[in-house]
Number of protein chains: 2
Amino acid sequence: MTCKKNELYEAYHKLLKLDAALHENETCQCQAEDVTSKQKYYLKVIDKNYRVTFSQLAQETQNSKPTITELISKFISMGCVYRERSPEDGRVYFIYLTPKGKSIARSEERTQIQVIERIKNSLTDEELDQLITLLNKIL
Amino acid sequence: MTCKKNELYEAYHKLLKLDAALHENETCQCQAEDVTSKQKYYLKVIDKNYRVTFSQLAQETQNSKPTITELISKFISMGCVYRERSPEDGRVYFIYLTPKGKSIARSEERTQIQVIERIKNSLTDEELDQLITLLNKIL
DNA sequence: TTTTTATTAGTTAGTGCTTACCTAACTACT
DNA sequence: AGTAGTTAGGTAAGCACTAACTAATAAAAA
């Protein structure tokens, strides 16, 4: 039994390694090497709240408005974000992710898709069904 | 086919979520909430190099000696590390991880073991064998 | 209906703390 | 004299704040 556990550990470990390797590649390709985890978190918030304003973002992330101003300026200079003035209210700016920002915000998802692709290409249709069934039994 | 891909995506996503949830729990339990990723990296280096000295660590991590002094003082104040003077050479100190430091350095591994445990408990012996076989076919 | 007066959105200026690095000069030991 | 680690002092970036500001709009008063 301990032996089987070990086998499973190895197999699972290999899968995680694959995920990590693909993710690193992703990170590299969208030039996200020196994006901090906080910044990634903020990019994800911006991604989830399409056309978000500075004030909304401040509220959403529990930060002061100057903090958001600074954050967004940094993101703009990094090429992750751009903004557009609201045509209805000239005080308001909408914040949008650039392709680069989006690819950083969604890098985990994209990695997952690559892993799936890899799995799909390694297994036959029946094996795939088996795997899905097994994974769904977990927990 | 796209549908099957989606199923696999969901199943895999669920597995990663489980991993993340267990890992967060781990992180919380070893009081590693405000350990930065750099710090975690250094703890791993210390873990891999048992009885490492300041100079060795400086060389290993490509840092100056004062940087290491500062790093280790921080770790000592955090309760992650302790040091002992070499009995052979009074200039030298050996660096060791405390249980807390060790549990932070190995938190991923420990999470993985928990996931394995979870999988083991959810599947029959035959299913386990199936899963291992399938996972080993990937790549 | 103007005009004045809030109010709101975002900015600027000025602080403060922490991480994560450095060099130069030092002490203590071999 | 040379090596191990320390101290002092410095820099840059991230991540936060408050107080005081400008510009735009909404509300109230003339």
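Predicted model: local features only at pLDDT ≥ 70, side-chain atom pairs only at ≥ 80, totals over all residues.
**Layout of chain A**

Chain A is divided into two domains: domain 1 covers 1-30 + 106-139, and domain 2 covers 35-99. The C-alpha centres of domain 1 and domain 2 of chain A are 33 Å apart.

**Chain A against chain B**

Between the two chains, 38 residues of chain A are in contact with 38 residues of chain B. The area buried between chain A and chain B comes to about 4400 Å², and carbon and sulfur atoms give 70% of it. On the side of chain A, the residues that lose the most area to chain B are Leu8(A), Tyr12(A) and Ile138(A), which together account for 16% of what that side buries.

Charged and polar pairs also occur between the chains. Eight salt bridges are counted between chain A and chain B. One of them joins the side chains of Lys5(A) and Glu117(B), with N to O at 3.2 Å. The count of residue pairs in polar contact between chain A and chain B, both at pLDDT 80 or more, is eight.

Three helices of chain A, namely helix 1 (2-29), helix 6 (107-122) and helix 7 (125-137), each supply at least two residues of the side that touches chain B. Helix 1 of chain A gives the most to that side, with 13 residues. Sorted by class, the side of chain A that touches chain B holds 20 nonpolar, five polar and 13 charged residues.

**DNA strand D**

DNA strand D is surrounded by 26 residues, and the closest are Tyr42(A), Thr67(A), Ser55(B), Lys65(B) and Arg83(B).

| Residue | Atom of DNA strand D | Distance |
|---|---|---|
| Lys38(A) | phosphate oxygen | 3.1 Å |
| Lys65(B) | base nitrogen | 2.6 Å |
| Thr69(B) | phosphate oxygen | 2.7 Å |

By class, the surface near DNA strand D has six nonpolar, 10 polar and 10 charged residues.

Methods. Residues numbered from 1 in each chain as written. Chains lettered and ligands numbered in written order. Heavy atoms only, no water. Contact = heavy atoms within 4.5 Å. Buried area = accessible area lost by both parts, 1.4 Å probe. Salt bridge = Lys/Arg side-chain N within 4 Å of Asp/Glu carboxyl O. Polar contact = N/O pair within 3.5 Å; in protein donor to acceptor, adjacent residues only side chain to side chain. Helix = DSSP H or I, 4+ residues; strand = E, 2+ residues; numbered from the N terminus. Nonpolar A, V, L, I, M, F, W, Y, C, P; charged D, E, K, R; others polar. Domains from an automatic or database assignment. Near = heavy atom within 4 Å.
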